[in-house]
Amino acid sequence: MSGCALPVPALSLLLLVATPSLAEPEVLPEEQPESSSAPSGYTPEEAADSPFRVSGYVDVGFAKAQGRGSSFHPDDTRVPADYGVDSFAPAVNSRGEVASLDAGGRFVNGFLPRTVDIGGHASFLLNTASLDLFYEPGSAPVLVFARTQFLPRFEKGSGGTRLLLQQAFGRVTPFSGHELTLTVGRFDSVFGIEYLENESPIRTGITPSLMARYTTGHQLGVKAFYRRQIPSLSSAVSLNVAVTNGSSRVESLQTADLSLTGLPFVSARLGYELQLLRLQVKLGMSGQTGARNDQNDARVYQTQLGADARLTAGWLSLAAEYVLARDDAGTAPGKHTGVGDFFYASRFSMDGLYGTLALAVPVEGEALRTTTVYGRYDRRAAEFHGFGGILTSRFTVGTRLDFWSVLSLKAEYLFNRENAGAPRVDNDVFTASAVYVF
Amino acid sequence: MASAPFFLLRMAIVAGLLLLAVACEPSGQGSEPPHIWTISQVREVSIVEGTIAGVPATEWVTVRGQPIPQWAPPYSEAPLLQSGQQDGLNVLPAFSEGRPAAFVVAEIWEHVPEVWVQPWYVLVTAYEPSNPGQYRLKDSLPVIDIEEQSLFYSPFWEVIYVVVPEGTAPDRYTSATALLSGRFPMHHGGGLLAPLGPADVLPAVVENRTSPIRPLTGEEVGSARTGETWLRGQRFPYLSFGSNNFTWSNEAQTGRMGLIDEAALYIFARAGADGQPTPLGLPAVLGTGPHGSGRGARVSATGVPQFGALTRPHLALLPTSAGPFVPSTMELLKSTLRGERGVNVVDVHPDIEARADAKDYVLRVALNPDCFKDPAKFPASCRWLDSQASVETNLAPSSLVRQDVLFTSPVLFYDGKKVGR
């Protein structure tokens, strides 16, 4: 396959973006794009007149995992150790970091999350200290945004403390009457819906789903968002398109920082919203394709499809997402991820889903504003070529208390299950989190 | 003049088109993908007389009823045929540590840099360290968990004895996952060399003989036995070349744990008409460790070499003065080497040919083949290239060309003795 194969859809997508400019501008309600990057979800209140704003949050956690804190079975000597288990299962925080990645010295091949390396011990954790900088001059429809995160970690097994420039972009809203934004830089994924909850203040629970590794990574490149309201139907449709270095996989799987193949990755989500007085429904279809950005051959493709749905009715909210992924095999040894260099990019297939049900009850207390209980079910079937598939699932239950709009206390329990193909291990997790926003 | 928003949008489109232009640049590395040629695949390629890694597959596998290359002209006056009962892995003569040796090439790892050991579970009802297989669960098959199609497939297994309850049905556990989930006691055994492959491909046996023999000298060499194993609920055939005939790394800190230790295999070559190194068809030199490692030979208490099962070929470019020991009984080979291959072949003195141990020198290469003329000083005066140390000492580093290939190469003959069953 030549390097020209992909750009045809890319061109179509660009033309789609260009199309609205040919029409007469329409006056639309002022709304933030539902999935624009930085200010989406967690957006601090407007400050005074200054074009500069600073905000952020501090996420302090406490976690205890069963067993050794990892999904690796102590007697399992198969290699690569990370192919026959789900090493992402024992997550302890909103970053998806796991309690342990100790595979007993066995060879692993780079299908790994990051870890806080607490093993099976209970420990307090400073999960994230996040600082957001905004610049939004009144004279131009431009937003400049940077999010810096401090991640204190013990050096031994976690790779050490990191200072992360998680997002940095400029966003232009070229038409005052249109919900069209053009963004250049490093931004949130456009695939699916879970990326909207990347940051712990806005995530209802604590840990990401088993699908999050495929959809919540950050991407470096350009993206366009367009939404058109249809008032007569109380509806809106939206299109979010990105051309980036890599996919929406998290950085421990694929880097966003550069293109390893020279071929851009194209991602898009088409959304529909129904906005009624007591009912809100949001549906979406996502897709992305491009050269695998964990190896160097532009002929090695990765494709991902997804469907998502959200429903909000009164205190009740439901969110569900399905993801299907197919990765071609590399053509030469060498696999390069955010956590290191590995042996080989194997052919891979995965499909999975999750569904979250939450009940958020407003409380008229002086301090306590909302009490939320939630549950989530995850299911993931994955197979590395020649290694045999694994099927895992997870039940998550938890509660969240919001105080003064500044502090959230959360606690949840993860029941991880190895249903087929992976050895049963003790890797359930209890985790709690206190999130302060400023 | 266009308004600012239109200008921005045009800029975006221009940027997009630039991206497209970049994307249309020729891309991809153009390198050959890594591939493991299994026994089945090598046989298939041999049947159609194809090549693997530039070498005719018939050099490694002879299908039933066909002439065995190592027993065909110019090495033998009349060709000998492979047994009609099975296909054969050709027995390849070699020298190792200054002594005759022989091996077969069962699998070829093309552009695959490393090979790992994988677990091979054996079910027992009790564990006796002095004889771990004593209480083997009757009629049970071993269990593995890696397919030939995976790049992490390995014929190099670590035997793990799993203690299951008495009375367990022999087909109760047919997957590694079930065993691990059962949380049974597990005990590590030694290594087992057992490529997965069809049951009708064994070391080559000449028609009307019962066991494989070493070309050039006719000594009996070891063979293999066939068996079946469970792989996620399905039975797969394998070919066992015995145990404790390789080693692997236990260096957990360096990330090399489980890596099979490879040995260099020096294949004598000479620059061909096109300037490319061309193998001369002489017995290879089987090393005892990686090229340049200086690792000595490791041999088990029963005389089984623990090296050579995974080899890395290196083309060894011979100086023009070097030449092999070719007895007068191999006139056709002598003329072929001198003519087609441009090799310096010195006539061997009759008294040397008459020595009882003369067969041990057939096609052994000396840097100074004139020593073949002097019975009084033979063999001490010869500077042989018959061990890893001698090759690495006597040939320039630039003359040893590493190949991007590994062989699964069970050693069937070492130090004058057959290895294996």
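Let us begin with B:Y121, which stands opposite B:I160 in strand β11 of chain B. Please keep in mind throughout that this is a predicted model. The tyrosine sits on strand β9 of chain B, on one side together with B:P119 and B:L123. That strand runs from residue 118 to residue 124, and its partner β11(B) covers residues 156–163. In which sense do β9(B) and β11(B) pair, and over how many bridges? The pairing is parallel, and it extends over seven bridges.

How many of the seven residues of β9(B) are buried? The count is seven of seven, and the strand is accordingly described as mostly covered. In a regular strand the side chains alternate between the two faces of the sheet. Here both faces are covered: B:Q118, B:W120, B:V122 and B:V124 are buried on one side, and B:P119, B:Y121 and B:L123 are buried on the other.

Between β8, residues 107–110, and β9 of chain B we find B:H111. This histidine has a positive phi of about 60°, although it is not a glycine. Is B:H111 buried, partly exposed or exposed? It has 17 C-beta neighbours inside 10 Å; burial requires 20 or more and exposure 12 or fewer, so B:H111 counts as partly exposed.

As background, most residues other than glycine have a negative phi, and most peptide bonds are trans. In chain A, one joins A:V79 and A:P80, with omega at about -5°. A:P80 belongs to the loop between β1 (52–65) and β2 (123–135) of chain A. In chain B, a cis bond joins B:P73 and B:P74, where omega is about 10°. B:P74 lies in the loop between β4 (61–62) and β5 (87–89) of that chain.

Finally, some totals for chain A. The chain contains three helices and 18 strands. Of its 438 residues, 53% are buried. Among its contacts with a separation of 6 or more, 66% are between residues 24 or more positions apart. Thank you for your attention.

Notes
Residues are numbered from 1 along each chain as its sequence is written. Chains are lettered from A and ligands numbered from 1 in the order in which they are written. This is a predicted model: local features need pLDDT of at least 70, side-chain atom pairs count only at pLDDT 80 or more; totals for chains, interfaces and linings use all residues. Helices (H or I, at least four residues) and strands (E, at least two) are DSSP runs, numbered from the N terminus. Two residues are in contact if their C-beta atoms, placed from the backbone, lie within 7 Å. Two strands pair if DSSP finds at least two bridges between them.
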